[in-house]
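Q: Could we go through this structure together? Please begin with a single residue and widen the view from there.

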Amino acid sequence: MDYDAVIVGAGLAGLVAANELVEAGRRVALVDQESAANLGGQAYWSFGGLFLVDSPEQRRLGVRDGFDLAWSDWQGSAGWDRLDGPLAQDEWAARWGRAYVEFAAGEKRSWLRAHGIRLTPMVGWAERGDGRADGHGNSVPRFHVAWGTGTGVSGPFAGRALAAEKRGALTFHSRCRVDDLIVEAGRVTGISGVRLAPDDAPRGAPSNREVIGSFLLRAPAVLIATGGIGGDHDKVRRLWPARLGTAPREMIAGVPAYVDGRGLDIAEAAGARLVNRDRMWHYVEGIQNWNPIWPRHGIRILPGPSSLWLDALGRRLPFPAMPGYDTLSTLRHLRTTPDLAAHDHSWFVLTQAIIEKEFALSGSEQNGDITSGEWLRVLKTRLGKGASPEVEAFKTQGADFVVAQDVETLVAKMNALTAAPLLDAAAVLRIIEARDAQMDNSYAKDLQIQGIHNARRYLGDRLARVAKPHRLLGPAAGPLIAVKLHVLTRKSLGGVQTDLSSRVLKADGSVLEGLYAAGEAAGFGGGGAHGYNALEGSFLGGCLFTGRAAGRAMSDVG
């Protein structure tokens, strides 16, 4: 054998598995079709959110949490409904889900610290839910942000891999595209593929596919850590589930083009069982990047609760389709409402006061203060006056932002961003005035206004995340702003079915010897640890957790 283990995919899950293997004294090959500039994969670009339970950061902000509450939230969100029969698709997914919540409520924080990952004091309240105690959503804030954002999560493991390369314990095989898994006597014993021409494209940018040779590597343990399908919109549309209506004709991409699902197809061709492929996680608050790196490059707005959300025809979205509450319910509403199927966008309407306090943009490059790790810079940006430089750049240069002093002018500018003028200024004004009438005191029948008041009861939101309740038409709130929102592709929630050792399973439920899967390729564990919904901060954590499990299990193969 050429190596003790071969890892396909140099993203976060692959790097974590490699670290476990190297620490166990194994010789590792790390193979990726992209250049070394892309080490860390999608994690590098992320906001660095991590789901933790009953952390010191939560307790300092007055949040009371625990495993029982978190597990109840996870189950209510997952909604696993494929548990019957001898080969249930959700059997291992549910086991992985519980194991991950136990990890998040237990050793995860200390394990992160031991591997060089530090957390900011901020704990966000993502996915506030569908309004049911036993339904989807986080009952309390759990979204912890790493210092350095995504670079602060992927960087320590990338550094360990580079150090292992210098010691001779790990060998990088960049620009090597895997086309096949070698299966001999029912066991995976290696990989084969082609070598691609060198390419100095910057991180995330498309690279050439010129073939200059071939390769074959053998090892008793092979890991598939190749991510999902979010960069291939045709594949997203083919797998789009009927429960979410019709797939948008136009979407923007939250991941680079190389996130194309090829690794899943290769694993399936070798005998792996793929499950829950109709479960996916796409955002409805996507905006076009004014400074794109990859094709159709989009950024997600992480909204506070105050923006008014209108559909393409200018109607207010119903509960729980509110900013920051229930991502897939909102997507489902926008894609299944009959007269909206022809339209691929919706709108936020807000004020300068709201954008300054509530708008965060997902991604390491859109949060320069936290990515820098400079605490004084964070305080100035998050608690000072004005929006962050990155948000202001989108407001002034982004194709999806319009600003006006009055509703009539605002709506005219909104209509200019669509092929036909779909919005009526008088109707939009009536909606805004009705919403504003609920702002006269701290009581309200409007569920969104109730949610704003509830959010501000949480210290973290009141300090840095939720604007003081105000009328959108109030003169002191600044100009009116509208943002055209697009569907942004992001994560696959299904994938290769694995047991709790990250071993790949076959269609008959038996183990496909020699093959392992981790990260998004494994549905973040078992082919669907999230079920139908994510609680956020759990994608990076799923890569960490499954990569660790795979590396430890592969270390025992010999």
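Q: Is Ser77 buried or exposed?
A: Ser77 is buried, with a relative accessible area of 2%. Buried means under 20% relative accessible area, exposed over 50% and partly exposed in between, using a 1.4 Å probe and protein chains only.

Q: What kind of model is this?
A: This is a predicted model, in which local features need pLDDT of at least 70, side-chain atom pairs count only at pLDDT 80 or more, and totals for chains, interfaces and linings use all residues. Residues are numbered from 1 along each chain as its sequence is written, and side-chain values use heavy atoms, with hydrogens and water left out.

Q: Which helix holds Ser77?
A: Ser77 lies in helix H3, residues 67-78. Helices (H or I, at least four residues) and strands (E, at least two) are DSSP runs numbered from the N terminus.

Q: And which residues does Ser77 touch?
A: Leaving out residues up to four places away in sequence, Ser77 touches Gly135, His136, Gly137, His530, Tyr532, Asn533 and Leu535. Contact means heavy atoms within 4.5 Å.

Q: Changing topic, what is the strand order in the open sheet of three strands?
A: The order is E3-E5-E4, with antiparallel pairing. Two strands pair if DSSP finds at least two bridges between them.

Q: Which strands stand at the edges?
A: Strands E3 (49-51) and E4 (119-124) do, each with a single partner strand, so one side of each has no neighbour in the sheet.

Q: How many bridges join E4 to E5?
A: Three bridges join E4 to the antiparallel strand E5, residues 143-146. Val123 has His144 in E5 as its bridge partner.
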